[in-house]
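Please read it alongside the sequence and the coordinates.

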Amino acid sequence: MPVLSIMRTLSLLLLALVLSACERPPAANAASPNSAPDERSPMSTATVHVRVINKDGKLSEPIDVPKLVLSDAEWQKRLTKEQYRIGRAKGTEPAFCGGLLNNHEEGVYACVGCNLPLFSSDSKFNSGTGWPSFFQPISKENVHEEVDRAYGMVRTEIICNRCDMHLGHVFDDGPRPTGLRYCLNSEVMKFIPNAKLATIGEDVTALAAAAKATTRPTTKPASASGNRAEAVFAGGCFWCVEAVFEELDGVYEAVSGYAGGSKETANYEAVCTGATGHAEAVKIIYDPSKISYEKLLEVHFNTHDPTTLNRQGNDTGPQYRSAIFYASDKERELAQAFIDDLNASKHFPRPIVTTLEPLKAFYPAEAYHQNYACQNPRQPYISHIALPKVEKVRAKYKDLVKPQSPIPAQ
Ligand SMILES: [Zn+2]
């Protein structure tokens, strides 16, 4: 009996030690001022090399995607209080309390901030510590480690590679084959069963294009060269404009972004203030042998209201203005002629207020704005505002649209 009780005491002690290694005093959870996400560069021009879940619900090959950088305020808006406390302010949830601790379903644990797949149920094990534990990440590309010297301990922190979410810590007392124990907070992960992985599937081609555009902001957009040309239009919320142009055959890619302001303010939060000069804009990368710039103009003017100044529907402010950002004299002339015709024909009951502005640069928006309608067809804004526009295009321009809409059927 004494031996048993000593062993029990020892194992309890061990458990307490392990617990303290994973847990932090709640009072000290606030981020130190110099690590506040606010103070980072507002517009990420960085890309990261990660594996995402593709449209088929499979883990992709490693690809470059834009890094997700949001301000502190934006994170607070997007996350629950507890997710924010843990994921952004490096907190820890109480042991044995996390919702995913006793989950034994087969599937993937993804980042709550950016949907990046982080861990697979294949490597989950019961560590007895009170936190979901894994012996390896789903791929070495998707998490990175940093030395954490807080609270008089030296630990290794694990961080989401795409959005820098604090996930937990890794210790070297795990089981085979790695001998590692990734100690996670349930709160910063979402579990997706294998059968439903396609629901967080991302368009790998679009991500790669956004990453390319991110690393090389377009300062001198190509006019038509070969079978590739670009046009930049604004007409209210870029989710809608992007969705419309993605429908057109001959459009390789429509990228949501910002035009009209400076690089420093080319981020969603700043643009939302209406004070940056930026408009929410879409860069349309197209094949001019299949669809002309004039046709793009026609579709644009038929899918937004070019007669309401600094406003589309309920979205008001100069960031929602109707604008054509021209990259050449030819584009400017074509757009001006198009507007003159519309005014002359009284196609609209009021005069056109669309501005013609020289395109100085186009800055792609944050990754979560890309392909938004496609990824979130049931989101009320999309289903009420974007999808009717898409339907209008499909009805009115039957000979111009892709055989199948990129937006999944409802
Ligand atoms: Zn993330």
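His169 stands opposite Cys183 in strand E10, in a model that is predicted. Strand E10 (residues 181–184) is joined by four bridges to strand E9 (residues 166–171), and the two run antiparallel. In general, strands of a sheet pair through backbone hydrogen bonds, either parallel or antiparallel. E9 and E10 belong to an open sheet of six strands, whose order is E5-E6-E10-E9-E8-E7 and whose pairing is antiparallel. Strands E5 (124–125) and E7 (143–148) stand at the edges of this sheet, and because each has a single partner strand, one side of each is left without a neighbour in the sheet.

| Strand | Residues |
|---|---|
| E5 | 124–125 |
| E7 | 143–148 |
| E9 | 166–171 |
| E10 | 181–184 |

Across the whole chain there are 10 helices and 19 strands. Of the 410 residues in the chain, buried residues make up 43%, and among the contacts with a separation of 6 or more, 71% are accounted for by residues 24 or more positions apart.

How is the packing of two helices described? Two packed helices are described by the angle between their axes and the distance between the axes. For helix H5 (residues 238–246) and helix H10 (residues 380–396), the angle is about 25° and the axes are 9 Å apart. Since angles under 35 degrees count as roughly parallel, H5 and H10 are therefore roughly parallel to each other, and their crossing is right-handed. On the H5 side the contact is made by Trp239, Cys240, Ala243 and Val244, which meet Ile382, Ile385, Ala386, Lys389, Val390 and Val393 in H10. These residues divide into nine nonpolar, no polar and one charged.

Is His300 buried or exposed? His300 has 24 other C-beta atoms within 10 Å, and because a residue is buried if 20 or more lie within that distance, His300 counts as buried. When residues up to four places away in sequence are not counted, His300 touches Phe233 and Gly235. The C-alpha atoms of His300 and Phe245 are separated by 8.3 Å, although these residues are 55 residues apart along the chain.

Conventions
Residues numbered from 1 in each chain as written. Predicted model: local features only at pLDDT ≥ 70, side-chain atom pairs only at ≥ 80, totals over all residues. Axes fitted to C-alpha atoms, helices over the stretch in contact; angles between N-to-C directions. Parallel < 35°, antiparallel > 145°, perpendicular 65-115°, else oblique. Left-handed = near helix turned anticlockwise from the far one by under 90°. Contact = placed C-beta atoms within 7 Å. Nonpolar A, V, L, I, M, F, W, Y, C, P; charged D, E, K, R; others polar. Buried ≥ 20, exposed ≤ 12 C-beta atoms within 10 Å, placed from the backbone. Pairing = 2+ DSSP bridges.
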